[in-house]
Structures are given as structure tokens and as C-alpha cells.
Amino acid sequence: MRIAVTCGYPRSLHTIALLHRIAARGHAVPLCLRVRVLGYKRLRAYLRQLGWRKALLRARQKLGRPARSAAEAPSELAAMIEYLDQHKIASRTVGAACAAVGARECCASSLNDAAVIQAVRDEKIDLVVYSGGGILRKPLIEASALGVLNAHGGALPGFRGMNASEWALLYGVRPVVTIHLIDAGIDTGPILFERALPAQDWRGIPHLRGVGTRVGVEGLLDAVDALAAGTVQPRPQRREDGRQFFVMAAPLVEVLERRMSAGRAALCGAGELVYPELPGLTRS
Amino acid sequence: MTLTQATPGAGRPTAKPTEFQTRLRAHAAAAADWLVRSIEACGGSGSAAYYSRLFRPTRGWAPPYPETTGYIIETLIDYAGFSGDARYAELAVRQADWIISLQDPDGALPGRLLGGPTKPPPSIFNTGQMIFGLVAAHEHTGEKRFIDAAHLAARWLARGVDERDGCWTRHAYVGGYSPAYYTRVCWPMLEVWSRVREDEIRAQAVRVLETILGWQQPNGAVRNWAFSAAAPAFTHTIAYTMRGFQESGRLLGGDGDRFNQAAVRIGEALRRSLELRGRLAGAYDLDLKGRYWYTCLTGNCQLALNWMRLCERWDDRRLLSAALKALEFVMKRQSLTSSNPAVRGAIAGSAPLWGRYLTLRYPNWAAKFFVDACMLADRHLVRLLEDAR
């Protein structure tokens, strides 16, 4: 299969892992679709969602000097650094990873730019693997033969949107990563399968996210293989069945961190939704 | 009377508070004490409508406002339990006595501020809001005179519903205009009905609710939810409309589902606006297009309350998350350190202060809804922390 990988920022460790590992599994990776970090719309979205303090922190994390070892890295990144080391991947920038696997970097202010869509068509890409870069519009979703594959950090359709693994834990549900195809909605596309995160004592939300990212990368790799072999049948989800979540308010994050420190977050259920139906809400 | 020594959190055997809860309680205490000062500024009879050196250059404090004093009563009683300081409740009961002293023999209660030599004419909306205080005083003291006064007021409201229009058309804030936030008059009527079981009161309240329900659009917006027909609605009156629907729905049980749904539609539209834009607008038109250059802080607190009440009912914690964001926005704009005691702990009408809603003023109802929202948020967080133990 010919695969393109998207990328949200130049030091994205999971993009680096995906580029290397997809190539190592025998698939061609001719294209990496990278969005420029400092686009106006992107900055505005970050500021609105996170506030300027958190947005600055996020920018520093994404643009700053890359950590060289798992011990040196913030705990959110440590899991991925361990993963790269484990698979003997030396690249620490997406550019280096592209050079190593022979992928061309296609940079744009948005993944929905005409140039990106044209590049996907020109390279006759079979499948796009989403690894960050913002919301995708229909033309890019439909530009490749099989569509766009995504790892969502929560059970679908129950936990769509942002901070899904945190929301799951707040409801006492074991967090999972769902591998699905992207459609025009937010996390509403057909589901391939889900992978549970290991039941363990979380050392905080960054640790949870880091492990989730690693599980997501492995899930995406397996999904690529399964789609190539034709051994998986995507299962459609109904839009009205799920619920869209947004960024969790800081006081709830604090409660969750407290639960984690009390060792309660590991004692969650087997992935079933525990909340009752909410009549009348517009679910999207 | 000075209540600044009140100890937030006293008498509550709960998990160690989070950092946010500690801040929340400090902010709530400051606002509750500001409410006490607003009553002291009126000699202990009624709470000053607002503080503003621009609108009231000599005293700063406006005259007492019976309407908002009415619903501040329930806040002070609740805060007495929250803080473990009974003096807030004693002050509240004295305000309820003052409200009774303003009641006409037919049950009506006055509109506007009590600034002049004569008592202002009666008002539908304001009578409804004062019922809250009378009911709360009755619940707290068990004294019959408070529920009797509330009953009389509710009967006056029930008699005033226009047979043809299915709504009140007289004794309005703006002559000839029946606002959608009259749902918040139906709610206190139903509070009285739930205690005295007089069916006519329930019937007239439901009648008005049905009329206003007919004004709701598919996008959740409700015609006439602003102070005047043409203007965009401040989040203050939007939240009034929503809360009236949701609490009436609660009191009516299964018969109230359609009113609950109406509230959910409003709440969901505004929650999405907050999440997608990062904050609430100060006002929204009927297309839900927001005026984002300012925020109505009172509306933030009220919507936070409404969302948390919905969360209590359906355990949808997205609503709690939105409420905490709206509340945090207000906390950041409340001064805890001002050397002016009339500003310390106060909540402005708008942020920035020169925003359209209650420009350059600190209204007492902003502090009231802020304290209410802080207490409810704290209870939600306590519950979540208890789950974690």
C-alpha cells in the first residue's frame, strides 16, 4: 500500500514512529503532509481552547529542543521516546524521519489546502494515516482510495472529541483507543477496532496520554496491515449515538489528578459507558 | 454586622479541598460579605441594587431593590449552611420580614428600586422573585407567615394572567411587552403550588409556560427573551428564561418534560458557544450570534448554575465542565484585595466594566448568582472527590 502520514508539528514523536514503523512493515510511505505550526487559524484555535498560558506551554513543548531520552522528557513524551528507543529509531525530527524512509514533506498552512490534496492524488496514495494537523475537510478525506485512518483516544461513539481518555476516567470507564476512519464529523467515522489501555496506576494525565499515544501508534500500524490484507471491515457508527466532549475544565482535571494519586483511576470498568442517556441533547 | 470572619467549609466533613475549591470558597466568602455590606448600606432593610460611583456619585450605593433582595434571601440562608455561620441566615430572615412589609393587601409586591417617597407600582416579575425569598424563609424558620405571604403573592400572579394571550400583559418592566423570562415567574408560582397545592396557581403557571414554549425556535433561542423585542438578549435574561423552564419542569414531574427539553435546548446552544469560542458572549440574538466584545458576568454565573443543575439531573459532566469554565472567568474578574469595601468581593455587571450590561456598576444580583454558583460548584467537586476516596 502507498501511505501518507499527516503531521502537526516538526518534532511529533508519534509521526516519527509511524513513518519508520509503517515503512518497516513493508508499505511505501512516499508522502508526509505537514501543517505549519504558526498558522493564524491554528494559533487562534489554541488560544480559544486552551487560554494563552496553556497555549504557550504547548507551543514550547512542540517547538522546543527535543528530549534525548525518556528520563529527560516530560512524562507525556516519555512513553513515545521509550517506544522509539525500543524500535531503534534514531530520528528525532519529522524531517529526519522523512529522509530516512524516503518520504517527501508537503508543508501547508492547512491540511485542507489544494496543494496537499493534489499531492495525495499525484502520489496515488491508498491510505492517509492521521497523526495530527487539525480538522480535515471532505476533499482530503476523499482524496485517497481508502480514506484517512485515525487513532482516537477514547471509546466511540461514547467519547468523541477532546480529552476523551480523561473524560472516560472521570466517568470511571477504562480508557481505550479507537482506530477508525475519519469522515466529515468529529470522530463519527466507521470503526475498525479498539484497544484498551493497560490497567495500571497512572502517574498523572500526561502519563495517561503518553501511554495512549503509544497504544494508538500500535493500533494504527495493525490497522494499516489489516486494511492492506483486507481482514478488517469498518463498522459504521450512528452520529446520534455519541457525545462530543470539549477540553476538560481545569478544576475537573485537578479532581482527576487527585483520583489518580489515590490509585482510583485504575479501578475502572471494562469499557462500558456508565452514564445514563441525556434526553433532548443535540449530540454530534 | 460584619461577617468577614466566616469560615468557608466549616461543618462539612469532606475530602481535602482541591486548590480550585480553596480559591472558590474564598471568592464565595468575599461575595457573600459584599452582599452583607449591600444590606448594611440600606440600614439593614433591603440590599442596595448596585454600587457605582458614576451612577451614584454621593453614596456610591443605590437604594434597596426589593426584587433582588427577595432572591438574595435564599442565597444567604444557603450560605449560612455552607459556611457554618448562622448570622447570614438571621440577616436573610430580617430581609424576608422587610419584604412582607412591602406587600399590598392583594398580594402584589413592588417593582423598581425603593428610592422615592412613594412605593413603586407592583410588578409581575419582581413579585415572582420575592416569592423565592419568602419560601426560603419559610423553609428555614418553619414560620407560616412567610408561606402565607408567598401564597398571597402567587394568587395575585395567577389572577393576573391575561386570558386571551396566555401570559401577563400588565405590570411589566417594559409596558406592553411580555418577556420570555416570565418563565422565572412560573417557577416560584410552582414552588408555592408544591407546598399549598392550590391547583389554580399551577394551572396558570403551566398556561404561561406553554405560551412561552411556543416562542422557542428550533435553534433553542426564544422570542422575547431580551429586555425588549428588538434587542439581543443578555445572557442574564437568557439564563432567567432557561432556569424558569428547567425548574418548572422539575416541579411538574412527568408533566414538565417538554419544559425541561426547552431548557436543555437553550443550555446546549450556549454551551457549544462557550466551548467553541472559549467564553460566552455578553448577549445573543435570535440566530444565536453573540456579542463577544463584552461578557455579562451575571449571565455567566446564572448559566453556570443552570448547567450544574442539569448535570445533577443527568450526570452529564460536560455541563459541569462548561459551568466551571464560566465561573472561573468571573472569579478572575472579582477583586479580593481592593481597599474599597464596596468593590472588594463585588461582581461587575460586565467585563470589561464598560460592557453593555449594567455598565460601570456592581449589581447585587451578580454577587448573588456568583455565590449560588460557587456553592453548587463546590458541592459537585466534593461529590466527585468523595467518589475518588
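## The sheet of chain A

In this predicted model, chain A holds an open sheet of seven strands with mixed pairing, in the order β3-β2-β1-β4-β5-β7-β8. Its edge strands are β3 (104-108) and β8 (191-196) of chain A, each of which pairs on one side only. From one strand to the next, the twist averages 20°.

Strands of a sheet pair through backbone hydrogen bonds, in either a parallel or an antiparallel sense. Strand β2 (residues 28-35) of chain A pairs with β3(A) in the parallel sense, over five bridges. Within these two strands, V35(A) stands opposite A108(A) of β3(A).

| Helix | Strands touched (chain A) | Angle between directions |
|---|---|---|
| α5(A), residues 114-122 | β2, β3 and β4 (127-129) | about 155° with β3(A) |
| α8(A), residues 205-229 | β1 (2-7), β4, β5 (148-152), β7 (176-181) and β8 | about 145° with β8(A) |

## A tryptophan in chain B

W187(B) lies in helix α6 (residues 183-196) of chain B. Is this residue, W187(B), buried or exposed? W187(B) counts as buried because its relative accessibility is 5%, and buried means under 20%.

Leaving aside residues up to four places away in sequence, W187(B) touches F132(B), R243(B), G244(B), E247(B), S248(B), R250(B) and L251(B). The C-alpha atom of W187(B) is separated by 9.7 Å from that of R202(B), 15 residues apart along the chain.

Note on methods
Residues numbered from 1 in each chain as written. Chains lettered and ligands numbered in written order. Predicted model: local features only at pLDDT ≥ 70, side-chain atom pairs only at ≥ 80, totals over all residues. Heavy atoms only, no water. Pairing = 2+ DSSP bridges. Helix = DSSP H or I, 4+ residues; strand = E, 2+ residues; numbered from the N terminus. Axes fitted to C-alpha atoms, helices over the stretch in contact; angles between N-to-C directions. Contact = heavy atoms within 4.5 Å. Buried < 20%, exposed > 50% of the residue type's maximum accessible area, 1.4 Å probe, protein only.
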